Amino acid sequence: MPAGGGIHRISSDSGSVRLTDEDGTVAASWSYRKLLNHWQSKHALAAYVPSDKRGPPPEYRYSPRATLYVGTDFIRLLKAFAAGAVYLDPALKATFVDGVLGPVHRRSQFRIRHADMDQLYERRIDLPEP
């Protein structure tokens, strides 16, 4: 990060976001290039629909309200990482076919609380209920 703690520009795509322990040992990393390509293609716009989950078995109820988020860039994402607003949610994806466990894959995702979404987007549009 530049002096003063601000993120202003990236001069090389060879950097990465890293998960490290207290000694600096890297447990996982994500290259700027991979994050940037994914961010620009999948998150230029976002829609949030509140929901409630009950169960078991799981049952979901979705609100008629929705919020759109528009206008983001990679620097906003990096700032949200630096502020602790974006966090890693580690998970596994396992599939069963005819009761037999298939391949297990890591399916970790980065998450953000709804209250912090404004850090990622320039504009928030609350849609009226239908």
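**Reading the pocket, the core and the backbone**

Modeller: Happy to. The largest pocket has a volume of about 1000 Å³. Keep in mind that this is a predicted model.

Biologist: Which element gives the largest share of the lining?

Modeller: That is α1, with five residues. At least two lining residues come from each of β2 (26–31), α1, β3 (45–48), α2, β7 (86–89) and β10 (109–112). Sorted by class, the lining has 18 nonpolar, six polar and five charged residues.

Biologist: Now the nonpolar core. Which of its members touch the most others?

Modeller: As a general idea, nonpolar side chains in soluble globular proteins tend to be buried together. In this model the largest nonpolar core has 15 residues, and Leu77, Phe81, Val86, Leu120 and Tyr121 touch the most other members. Both α1 (32–42) and α2 (74–82) supply at least two residues of this core, and α2 gives the largest share, five residues.

Biologist: Let me zoom in on one of them. What does phenylalanine 81 touch, leaving out residues up to four places away in sequence?

Modeller: Phenylalanine 81 touches Val17, Val86 and Phe110.

Biologist: What should I look for in the backbone?

Modeller: Most residues other than glycine have a negative phi, and most peptide bonds are trans. With that in mind, go to the loop between β4 (51–54) and β5 (59–62), where proline 56 sits. Glycine 55 and proline 56 are joined by a cis peptide bond, with omega about 15 degrees. The bond from proline 56 to proline 57 is also cis, and its omega is near -10 degrees. Proline 57 lies in that loop between β4 and β5 too.

Biologist: And phi? What is its value at aspartate 98?

Modeller: Aspartate 98 is not a glycine, yet its phi is positive, about 55 degrees. You will find aspartate 98 in the loop between β8 (92–97) and β9 (100–106).

Biologist: Why does aspartate 98 count as exposed?

Modeller: Aspartate 98 counts as exposed because its relative accessibility is 78%, and exposed means over 50%.

Conventions. Residues are numbered from 1 along each chain as its sequence is written. This is a predicted model: local features need pLDDT of at least 70, side-chain atom pairs count only at pLDDT 80 or more; totals for chains, interfaces and linings use all residues. Side-chain values use heavy atoms; hydrogens and water are left out. Helices (H or I, at least four residues) and strands (E, at least two) are DSSP runs, numbered from the N terminus. Buried means under 20% relative accessible area, exposed over 50%, partly exposed in between (1.4 Å probe, protein chains only). A nonpolar core is a set of buried Ala, Val, Leu, Ile, Met, Phe, Trp, Tyr and Cys residues joined through side-chain atoms within 4.5 Å. Contact means heavy atoms within 4.5 Å. On a 1 Å grid over the protein atoms alone, a cavity is a set of points where a 1.4 Å probe fits but cannot get out, and a pocket is an open set with protein on both sides within 12 Å along at least five of seven lines; lining residues have an atom within 4 Å of a point. Grid points are joined across faces, edges and corners, and a volume is the space filled by probe spheres set on the points. Ala, Val, Leu, Ile, Met, Phe, Trp, Tyr, Cys and Pro count as nonpolar, Asp, Glu, Lys and Arg as charged, and the others, Gly among them, as polar.
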